[in-house]
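Trainee: I have a new structure to go through. Can you walk me through what is in it?

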Amino acid sequence: MKKQKSLIIICLSFIMVFCSCSIKSTEDYYKTEETKNTDVVNVKVDCITALSSLPDALKNGNYIPEDGIIIDTAVEYKDGDTPFTVLTKAAKKDKIQIDYNGEGTSVYLRGISHLYEFDCGSLSGWMVCINGEFTNVGANSINVKPNDTVEWRYTCDLGNDIGNSYTGE
């Protein structure tokens, strides 16, 4: 009788521990919560200028859509959001790969949807603008506001091909 009670207690303990675990499937991880906040930031990611010089592995819609628009969505705004934080929200929402290094204000974005800096030449990489104005600071060192549009654009010519001539400043 004592063995049965011990076994029942062990089983119930196991069930309680197992039920309290939070194991998520891939679908559950990428599932977004319903937005309660009505403030949003629009996020767009494009590599239109790179379409003619994409590496073969990225062509034909494998990672890059044929129109070059990788992300075009709105994400919930939270106080303190930066161009980088809204990009990570949008990428998670749309299940898009991003690669970066650093942390805090020193975050550097290397790639989006498997398209990396230097993939289309020595002057290529990702640049960001807010409401049509390119930033000259790190993507995690400036805050965005509700209803801002944050655009991540791939350049093949150090910004000259997307309207942001680099001045070295």
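Predicted model: local features only at pLDDT ≥ 70, side-chain atom pairs only at ≥ 80, totals over all residues.

Trainee: OK, sheets. What order do the five strands take in their open sheet?

Mentor: The order is β2-β1-β8-β6-β7, with mixed pairing. Two strands pair if DSSP finds at least two bridges between them. The edge strands are β2 (69–76) and β7 (133–134), and each pairs on one side only.

Trainee: How many bridges join β6 to β7?

Mentor: Two, and the strands run antiparallel; β6 covers residues 125–130. Isoleucine 130 has glutamate 133 in β7 as its bridge partner.

Trainee: And the sheet with three strands?

Mentor: That one is also open, in the order β3-β4-β5, and its pairing is antiparallel. β3 and β5 stand at the edges with a single partner strand each, so one side of each is left without a neighbour in the sheet.

Trainee: Which residues pair up between β3 and β4?

Mentor: β3 (residues 98–101) and β4 (residues 108–112) pair over four bridges. Isoleucine 98 stands opposite isoleucine 112 in β4, and tyrosine 100 has leucine 109 as its bridge partner there. The hairpin has six residues between the strands, and glycine 102 takes a positive phi near 85°.

Trainee: Where does α3 lie?

Mentor: Helix α3 (residues 83–94) lies across β1 (40–46), β2, β6 and β8 (149–155), at about 105° to β2. α3 also lies across β3 and β4, running at about 150° to β3. Axes are lines fitted to C-alpha atoms, for helices over the stretch in contact (heavy atoms within 4.5 Å). The angles run from 0 to 180 degrees between N-to-C directions.

Trainee: New topic. What share of the protein is buried?

Mentor: Buried residues make up 32% of the 169 residues. Buried means under 20% relative accessible area, exposed over 50%, and partly exposed in between, with a 1.4 Å probe and protein chains only.

Trainee: What does the side chain of glutamate 117 make a polar contact with?

Mentor: Tyrosine 108, at 2.7 Å between the side chains. A polar contact is a pair of N or O atoms within 3.5 Å; within protein, one must be able to donate a hydrogen and the other to accept it, and residues adjacent in sequence count only if both atoms are side-chain atoms. Glutamate 117 is in the loop between β5 (115–116) and β6.

Trainee: Where is asparagine 140?

Mentor: In the loop between β7 and β8. Asparagine 140 counts as buried because its relative accessibility is 17%. Its side chain makes a polar contact of 2.5 Å with the side chain of threonine 82, and reaches the backbone oxygen of glycine 104 at 2.9 Å.

Trainee: Last one: leucine 54, buried or exposed?

Mentor: Buried, with a relative accessible area of 7%. Leucine 54 is in the loop between β1 and β2. Leaving aside neighbours within four places in sequence, leucine 54 is in contact with Lys59, Ile64, Leu115 and Cys120. Leucine 54 and aspartate 119 are 65 residues apart in sequence and 7.3 Å apart in space, C-alpha to C-alpha.

How values were computed
Residues numbered from 1 in each chain as written. Heavy atoms only, no water.
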